Amino acid sequence: MTAIASDTRIYATVVELLDDVAKRYADREALVVGATRLTYREYASCIAAFAEQLLVNNIRGERVAILLPNSAEICIATFAVHAAGAQVVPLNPLYTERELEAILADAAPRLVIVERARAEALQPLFTRLGVEYLALEVGAAETLAARDANRPLPQPLPSPDDLAFVQYTGGTTGRSKGVMLTHRAVAVNISQRESTLPLPIREHEAERILCVMPLFHTYALSMGLHLAAFCAGTLVVLPRYHPHEVLTAIATERITVFPGSPTIYIGL
């Protein structure tokens with residue numbers, strides 16, 4: 001176990017982390033995906049509005065599967081599901097219908113958030129499993145409609161002992177297994193990383209973090225989505241890994257932190 005330094009911030013949940021940073025650094029750039037640029041105030045407002053939309057589907061205390069590619073929508077949806085008091089089941093958007101069927105049958109989500117481009121093809125699967133779905137147009141304006149609304153997050157916020165994620169394993173030794181993670185476990189893990197590899201908040205110029213890893217993966221969530229919020233930094237998301245696009249983004253977006261893998265670094 002890694003000890004946490006006494007001066008390292010520890011939040012009860014990632015929702016409280018986002019809420020705190022959004023209030024303290026409201027005008028700082030939070031998210032960049034292509035032409036979309038959101039400040040923390042806009043980011044939090046979009047998350048709050050989407051969480052309210054999800055609550056209409058009675059998801060509090062339930063599971064919500066997210067089947068989206070790297071985009072502003074997956075960032076907003078992940079935080080919004082948590083803010084609505086539900087458990088996130090992040091899934092690879094490239095999974096085949098057969099691969100999805102086994103996991104969805106096991107996870108039994110109340111709702112699946114899916115890219116509109118795939119929704120029609122997967123509708124028979126959702127019907128067969130009795131799962132409702134919400135189709136989103138990735139890259140469109142619908143998820144960003146509340147960016148100027150200055151909405152507060154819905155109350156009550158999740159508690160530290162509420163379940164935050166069902167993270168499915170890769171299935172390399174058999175069938176994928178769902179790993180249960182509480183909000184406390186996720187929040188403490190963020191602080192353990194900070195204690196070991198510090199990336200404190202920079203008051204005058206934010207860290208700029210490049211994310212090319214898939215945001216359904218635990219590494220991208222920890223070292224991209226959550227890391228950026230913890231240091232009040234800017235998360236720059238690319239839809240996929242492509243060497244030219246990565247090198248261009250590093251230069252044009254003035255990237256200061258680039259989490260990746262040895263394969264990516266060697267390739268570059």
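Colleague: Is serine 191 buried or exposed?

Modeller: Start with the cut-offs. Buried means under 20% relative accessible area, exposed means over 50%, and partly exposed lies in between (1.4 Å probe, protein chains only). Serine 191 has a relative accessible area of 0%, so serine 191 is buried. Keep in mind that this is a predicted model: local features need pLDDT of at least 70, side-chain atom pairs count only at pLDDT 80 or more, and totals for chains, interfaces and linings use all residues. Residues are numbered from 1 along each chain as its sequence is written, and side-chain values use heavy atoms, with hydrogens and water left out.

Colleague: Where is serine 191 placed?

Modeller: Elements are DSSP runs, numbered from the N terminus: helices are H or I with at least four residues, strands are E with at least two. Serine 191 sits in helix H6 (residues 183–196).

Colleague: Which backbone oxygen lies 2.6 Å from a polar atom of the serine 191 side chain?

Modeller: That of arginine 9. A polar contact is a pair of N or O atoms within 3.5 Å; within protein, one must be able to donate a hydrogen and the other to accept it, and residues adjacent in sequence count only if both atoms are side-chain atoms.

Colleague: How many salt bridges are there?

Modeller: The rule asks for a side-chain nitrogen of Lys or Arg within 4 Å of a carboxyl oxygen of Asp or Glu. By this rule the count is 19.

Colleague: Which residues are linked in a network of salt bridges?

Modeller: Glu29, Arg37, Arg208 and Glu253. Glutamate 29 bridges to arginine 37, with the closest N and O atoms 3.1 Å apart. Glutamate 29 also meets arginine 208, at 3.0 Å from N to O. This second pair links distant parts of the chain: arginine 208 is in strand E9 (residues 208–211), glutamate 29 in strand E1 (residues 29–33), 179 residues apart.

Colleague: Why does arginine 208 count as buried?

Modeller: Because its relative accessibility is 8%. Glutamate 29, at 22%, counts as partly exposed. Arginine 37 is partly exposed too, at 36%.

Colleague: What makes up the nonpolar surface patch?

Modeller: Patch residues have over 30% relative accessible area and no salt bridge; like charges are joined within 9 Å, nonpolar side chains (Val, Leu, Ile, Met, Phe, Trp, Tyr) within 5 Å. Areas come from the Shrake-Rupley method with a 1.4 Å probe, and for residues only the protein chains shown count as cover. Here Tyr241, Leu247 and Leu268 make a patch of about 250 Å². Leucine 268 lies in the segment after helix H9 (262–267). Its relative accessible area is 35%, so leucine 268 is partly exposed.
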